[in-house]
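The entries keep to what I looked up.

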Amino acid sequence: AMPKKLCLRDIHKCIGCYCCMQACARRWYKSFSLDRSAIQVRTAGGISGQMFITICVGCKDAPCIKSCPTGALTQRGGGGVRFQRDLCTGCRHCVRDCPIGALSWDDAIGEIIHCRHCGYCAEICPHHVLGMLDSVEEKS
């Protein structure tokens with residue numbers, strides 16, 4: 001099967017219910033904390049009602065991978081990263097170097113919160129804000 005990548009389908013349908021964040025935190029970190037979600041939904045505030053959703057875009061030459069001194073982050077087929085906790089020293093260079101702020105560090109569990117492009121959040125979203133795209137591998 002072709003690898004898939006998480007994407008935004010229609011941000012205007014987002015009502016800020018946080019189901020996606022709750023789903024991610026529960027599935028991967030057995031947590032109810034929205035801080036343990038790899039997808040972040042925020043409101044711009046004010047009267048605009050505009051929502052902002054931060055998700056890993058699966059960079060081709062991911063800066064987070066390049067900045068990891070121990071090889072704890074490796075390229076995932078189709079985009080995004082795989083994380084090996086046993087190789088991680090907690091330097092947080094990956095968090096610092098992600099251009100869109102899609103990675104975060106969790107002190108309590110001593111690891112990064114990262115997107116696995118599993119699609120669970122997209123399945124759970126009641127308004128079809130998120131989706132999964134076929135990820136075309138570019139031949140080098």
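Entry 1, ground rules. I am working on a predicted model, in which local features need pLDDT of at least 70, side-chain atom pairs count only at pLDDT 80 or more, and totals for chains, interfaces and linings use all residues. Residues are numbered from 1 along each chain as its sequence is written, and side-chain values use heavy atoms, with hydrogens and water left out.

I found Glu111 in strand β7 (residues 111-113), strands being DSSP runs of E of at least two residues and helices runs of H or I of at least four, numbered from the N terminus. Glu111 is buried, with a relative accessible area of 9%, where buried means under 20% with a 1.4 Å probe, protein chains only. Its side chain makes a polar contact of 3.0 Å with that of Arg85; such a contact is a pair of N or O atoms within 3.5 Å, and within protein one must be able to donate a hydrogen and the other to accept it, while residues adjacent in sequence count only if both atoms are side-chain atoms.

In α1 (residues 19-29) I noted Cys20, Met21, Ala23, Cys24, Ala25 and Tyr29 as buried, and their cover includes β2 (40-43), β7, α4 (120-124) and β8 (130-134). After α1 comes Lys30, with a positive phi near 50°.

Conventions. Buried < 20%, exposed > 50% of the residue type's maximum accessible area, 1.4 Å probe, protein only. Contact = heavy atoms within 4.5 Å.
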